[in-house]
Amino acid sequence: MNPSSRFLNPSEAARRLGVSAKALRLYEQRGLLVPARTVAGWRSYGPAEMARATEIVALRALGLSLAQVARVLQGDAQGLAPALAAHQAALEAKARELDATLDRVRGLRDELARGRLPAPGELARLLQPDTRPALEFELPWPWGGERFALNDIRPINHIVGPLGSGKTRLALRIAERFPGAVFLPLDRAEGDATATRLREDAGLRARVDAALAWLVEDGATGSEALVALLAGLEAEGPAAIVVDMVEQGLDHATQEALIAHLRRRGAGARPLFLLTRSSAFLDLAAVGALESILLCPANHSPPTYVAPFEGAPGYEAVATCLATPEVRARTQGVIAWRPTVSDPAG
């Protein structure tokens, strides 16, 4: 094997680690990680650098700031104990859920031994213990009022579709019918509403500041759009949050940092319904078990769940709806136009 094949460029290393390339540069700037250099001077990440980066990413996943990560890597365990305690609590909660599932399995086996078949829906609940109760409603226009059920509500629910597919109307209907849900509109960063909320609510201000600091450490760019979004996401009270075009006003690295941040909330987090057409935010190769993808087809047939792997029904349709932030910015506001026969420009 060619030794050079064991070295990765920044984008490959970032993809392998599940972080952004900008985050790797921040780790380097903080002195946490020193990449190797090629003969031409390009950054390169070999086995030693990747092992070090993996430790950094793991410590970040435990909730440590970059300053705390630096201390741990230097041999100072301060800050690691509470992070491990929180991780232990999360694992114990999952263990309790698993114990409850095992009890259900034992009960079903006992019933089966007595000749009794499982009740309708019991096996489905057994195989998907983390899903929430279904939300049923009639689909709005441009659909024809068909009855629709959200059967698989997870902590992160992506809503995807081409222009004109009805995904915004679907999101509004979900926000309307989901008890205690709120809708964050596309113009959430406009005006002084966010600044006023943060001035009046010290707790919200603290949570937004903490989330913003974390995201910036992971490579995000601070902006009014990001602060406005975080103010909505960090608000206490809503049972679910529906966000219109979550990537609005956020650059590539910020979108990558944001989805990583949202995934760290875990299985017990309140549901988020996130409209998106960004391949940076919705990287199909990175979708986890706590996420679902709901596609609004172009032909206005009812929305359908799509599994995040090639060959799954609807996968290609979802993929064609997504574009990089650079392409999305270039085509923002563009309306399809077809010249008529009499048009001299045609």
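Please keep in mind throughout that the model is predicted.

Let me begin with the whole chain. The protein has 346 residues, of which 39% are buried, and its secondary structure comprises 13 helices and 10 strands. If we take the contacts with a sequence separation of 6 or more, 66% of them are between residues 24 or more positions apart. The exposed surface comes to about 18,900 Å², and carbon and sulfur atoms supply 56% of that area.

I turn now to helix H9, which covers residues 202–217. Its 16 residues reach 22 Å from the first C-alpha to the last, close to the 22 Å expected at 1.5 Å a residue. At the start of H9, a side-chain oxygen of Asp201 comes to within 3.1 Å of the backbone nitrogen of Gly203, while after the helix we find Gly219, with a positive phi near 110°. The buried residues of H9 are Leu204, Val208, Ala211, Leu212, Trp214, Leu215 and Glu217. What do these buried residues pack against? They pack against helices H2, H3, H4, H8, H10 and H11.

Is Thr194 buried or exposed? With a relative accessible area of 14%, Thr194 counts as buried, because the cut-off for that class is under 20%. Leaving aside residues up to four places away in sequence, Thr194 touches Arg188, Val227, Ala228 and Ala231.

In soluble globular proteins, nonpolar side chains tend to be buried together. Here the largest nonpolar core has 27 residues, and those with the most contacts inside it are Leu229, Leu233, Val243, Leu258, Leu262 and Leu274. The elements giving two or more residues to this core are H9, H10, strand S7, H11 and strand S8, with the largest share, 7 residues, coming from H10. Leu229, again setting aside residues up to four places away in sequence, touches Leu184, Arg188, Val243, Val246, Leu250 and Leu258. There is also a second, separate core of 23 residues, which includes Val19, Tyr27, Met50 and Leu59.

Let me move on to a pair of strands. S3, residues 135–138, and S4 run antiparallel and are joined by 4 bridges, and Glu138 stands opposite Arg147 in S4. In a regular strand the side chains alternate between the two faces of the sheet. In S4, residues 147–150, Phe148 and Leu150 form the covered face, whereas Arg147 and Ala149 form the uncovered one.

I will finish with a loop residue, Pro297, which lies between strands S9 and S10. Pro297 is buried, its relative accessible area being 14%.

Methods: Residues are numbered from 1 along each chain as its sequence is written. This is a predicted model: local features need pLDDT of at least 70, side-chain atom pairs count only at pLDDT 80 or more; totals for chains, interfaces and linings use all residues. Side-chain values use heavy atoms; hydrogens and water are left out. Buried means under 20% relative accessible area, exposed over 50%, partly exposed in between (1.4 Å probe, protein chains only). Contact means heavy atoms within 4.5 Å. The expected span of a helix is 1.5 Å times one less than its number of residues. A polar contact is a pair of N or O atoms within 3.5 Å; within protein, one must be able to donate a hydrogen and the other to accept it, and residues adjacent in sequence count only if both atoms are side-chain atoms. A nonpolar core is a set of buried Ala, Val, Leu, Ile, Met, Phe, Trp, Tyr and Cys residues joined through side-chain atoms within 4.5 Å. Two strands pair if DSSP finds at least two bridges between them. Accessible areas come from the Shrake-Rupley method with a 1.4 Å probe; for residues, only the protein chains shown count as cover.
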